Amino acid sequence: MTDLTLSPMNQPVLPAPRPYWGWVAARLFRPLLVRLCAAYLAVLVIIALLVPLIANGQPYTCVVPAVAGHAAIREYPLFRDLSSVDLILLLVAGALAAQGVIMSRSRRLSGPQRLMRRRIGAVVITGITILAGSLIAALHSNRLDATNYRSLARHGVITHAVFPPVRWGFAEMEPLSKGLINQLPSRRHWLGTDGDGRDELSRLLWGARIAMGVGFVSQIIALAMGIVVGALTGYFGGIFDIILMRLVEMVESIPTFFLILTFVAVYGRHILDIMVIIGVTSWTGYARLLRAEFFRIRNLDYVLAAQGTGMPLWRVLFKHMLPNGVTPVLVSAGFGLAGAVTIEASLSYLGVGVQPPTASWGSMLNSAGNPATIFRWWQALGPGMLIFITVLAFNLFAESLRDAIDPTTMGRR
Amino acid sequence: MDNRFTLKDFIFTVLLLLIIGAAVMAMAQFNYVNKQVIALSGQIKTLNQQQLDQTQILQQILRHGLKLQSGKVRGTTASQKDIRETLPDGTHYVCYPNPPMLPHNPYSRPDYARGDWLVENLGENPHTLTPFVSRDEGASVVQGWVQESLLSRDPITLKWEPWLARSYRISPNGLKITFKIRRRACFSNGHPVTAQDVLFSYNTMMNPGVDDAPQRVYFNDVKSCRAVGQRTVIFTFKHPYFKSLEVVGGLSILPESVYQFKKAGEFNKRGRLLVGSGPYLFDKWTSGEIVLVRNPRYWGPLPTFNRIIYRFIQNPQAALQAFLAGQLDTDPPEPSQWIKYTKQPGFAKSHHCYKFLTPAAGYMFVCWNLKKPEFKDRLTRTALCMLVDRNAIIKTFLHGLAQPMTGPFNPLSPQNNPKVKPISYDPAKARALLQRAGWKMGTDGILQRNGKPFKFQILLPSREPLIQNICVYMKQQFAKAGIDMSVQPLEFSVMIEKIDNRQFSSYFLGWSGGIENDPYQIWDSASYADKGSNAGDFDNAQADKLISQGRREMNTAKRMAIWHKFQAIVYRQQPYMFLFTSEALMFINQRFHNTAPVGKYGPLEANWFVPAKLQKYQ
């Protein structure tokens, strides 16, 4: 352990030189609103990753009591029946948590050591995640289990059942013959039920997964494509630039929304396709931003020096130039996330987004007024507010990030 | 700078002045023409009114037993009686000297008055109004007011009665039908309805260039159509077919003088030409409405309303709001809307609310693709049906406004076999049946047979919340039994294409209904080929035999017995999961009188009227 007084916690806030991102973070998180936004988004991401453990009709664990000849068995229905997607997302959550632990534990190390530790950690964790993820995808087969454990527990068929906080899965309906559809909020269903007699709260939580999934997956695809194309055009310029920029213009002329509408009409609804289409059509903005940055950077001394030392191209591009030009792209990605969430919600609202019975905020909003007899406010309020707040949070966050990295706002509050 | 006024400038100025002058003159000309048109239309209105009066006088004369013939007026001996008889040689002869009056018609009621408009909702704007070519439900509604056919069906007895025809005669073997056309019958342009027009209509229907393939198939059994003289038409058939009379008697008769064409393409393209012998004239079709006006020269009983207007409001909630605001005179509410509004005190008093079962409502079903191994056996299909609680679906999603179906025939139709009872909801029995069919529970909770898991996809039309709700419910029910069904909503046209190409495991749709349906289209094994309607490939030799027997049987009672047997087979085989037939619901504005449903068709607009005091429009 090194001297505690050197830790950032106790450092004087004044002039000590800081790494760039530390400086940005300090400026970024100064306003309370941004901290709230970040906290909200973090909670949303956590919910998206861990929702099967939060809202599920299956108990974490239960005991099947001893019957004639068989001993009592302890079962774990929830964990047994997790789907491949659930498992992979749990893995991602674990990887993120591990990354966080390494980051915080390496904070007190000296510069090069810290860098080394973090780099090794990142590589190891990413490797394990990818390996385990592909193993799950290849080997795990989803189980089908529509047993109503709540009623089993009530009738004593299973005992010692421990249920998640929200005791309903996103697709679980109340028995149809009871007619418990479109019910107002009650103790049984805290936010009421929808037109199929499903729990609104559970569907809201599961809807976060679709919203976050569409946002992050599509923007990661877009960022990857945008950065590669932007970096190449910006660095090389000339004929390369001319050709690739025409490609950018071509892609820009494709209306994402209508492309998805057409695609879904012909090939059916698959949320992964929608994510990919949003990603593949929205990278052009990032490419343009990065290209402009690279035009500026490519003649700076340090880039010339890097070239002069005979570094390979990818190293010059992505190691030396990219970190100095990527910030505007990241800001733009924040807005892109908000946009992707909106697109998914609109598609689902129009009834062309997710496949039923998957929960999505847009489709929930749609069902609030459909069939169009009465406006069922309890079905509209939750998804409406969540879409609104999520998009607002992404936008506010991105805007604050833009201000934080903008040198002209230095010194202003 | 040289700023002289050159020749070029001069020419430009002159041209400019000329253009301005021309524009001013065109305006003046337009104004003049417009004035003339207004004056002319005023005159036409007066003329029409005169004609209306004349027609009324004429009809009064006719009603009092006088007959007008080629200028001479002569008294008739007593009013002639309607004849419906079977001659000793087996010929069926029906003759109505006067067109049949609708049952419960309002003409003799003391408060009966002509006038006012009827404003209804068509839902979607039709693509075209061309007869035979149009495929929208809405277009056929509009055509029904403008064009007529040789026969009409009595809504209560369901018998075919002569309409444009005065009489018809069916030969003993059912292979020849002779129609005699009424002398009075004439088109709205004044031309009489002749045998030539019937022949023209038939030839148009059979013209391969005319885009009417779905309707043409019904005429496949017609061998020939012959016009004899001015007023006699003879249809002959290749085989006896129980629907022969309905098919040729229901053919819309088009005036040849208006519709004649050289190339079939011309006919297809006349989307806005609609002329016939009916009680209303097609007036205009704008983006917001279709307007029909009364045919002042109508040969039959003079219609009640001055205008019939169809609007296009697709959203059911918007349509209901328009109805409540008085912009629409009728509205067929959704079940949930019906429940909500009929509950309100006073609503039922201030509006006519009708709820009735009609064979025309059709039914909803899930079609299994019998070519797929999982649906090959009857036990599995029966088990699937037992897993779905149709009564709960009707109670919860349809608010009780529907009836479960037992087979392809409507419970109200005489075709329906009343001995066949709906399969009841019984998950335990369904599990036993699945086990008997060879399905075993796999380790992943999904049933398996021969190593293949029971997984399939159901196609359904998107933007149909009710169907989606039911499919989500079925998914859960099937999952409880270990069957993994995924729900795939598709755009309607894409879905139809998939069904036509047989790229499906199962799909959810509805069939429209009729009084007596010919099961051939959906259930005969021959209808699988060529994208026929037997998409699930129901192939049952016994059923095929019964279908062909029934189609050839002209005796109604015997035919019904055959249909009953056929239904029992379909019930046993369960090629579809037959779900339910919805009750028809109708809200009608209070100012209309005599709106009660008549027979099995529900309220008949032709019977409605508005007493003079209550009339809203001129």
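Biologist: How many disulfides does the structure hold?

Modeller: Over all chains the count is 0, where a disulfide is a pair of cysteine sulfur atoms within 2.5 Å. This is a predicted model, in which local features need pLDDT of at least 70 and side-chain atom pairs count only at pLDDT 80 or more, while totals for chains, interfaces and linings use all residues. Residues are numbered from 1 along each chain as its sequence is written, chains are lettered from A in the order in which they are written, and side-chain values use heavy atoms, with hydrogens and water left out.

Biologist: What makes Cys225(B) count as buried?

Modeller: Buried means under 20% relative accessible area, exposed over 50% and partly exposed in between, with a 1.4 Å probe and protein chains only. Cys225(B) is at 13%, so it counts as buried. Cys367(B), with a relative accessible area of 0%, is buried too. Of the 618 residues of chain B, 51% count as buried.

Biologist: Where is Asp518(B), and why is it called buried?

Modeller: Asp518(B) lies in the loop between strand S24 (506–511) and helix H16 (520–523) of chain B; helices (H or I, at least four residues) and strands (E, at least two) are DSSP runs numbered from the N terminus. Its relative accessibility is 12%, so Asp518(B) counts as buried.

Biologist: What joins the side chains of Asp518(B) and Arg551(B)?

Modeller: A polar contact of 2.3 Å does. The term requires a pair of N or O atoms within 3.5 Å; within protein, one must be able to donate a hydrogen and the other to accept it, and residues adjacent in sequence count only if both atoms are side-chain atoms. Another polar contact, of 2.4 Å, joins the side chains of Asp518(B) and Tyr241(B).

Biologist: How many salt bridges cross the interface of chain A and chain B?

Modeller: The rule finds 0; a salt bridge needs a side-chain nitrogen of Lys or Arg within 4 Å of a carboxyl oxygen of Asp or Glu. Between chain A and chain B, 6 residue pairs are in polar contact, both residues at pLDDT 80 or more. In contact (heavy atoms within 4.5 Å) are 32 residues of chain A and 38 residues of chain B.
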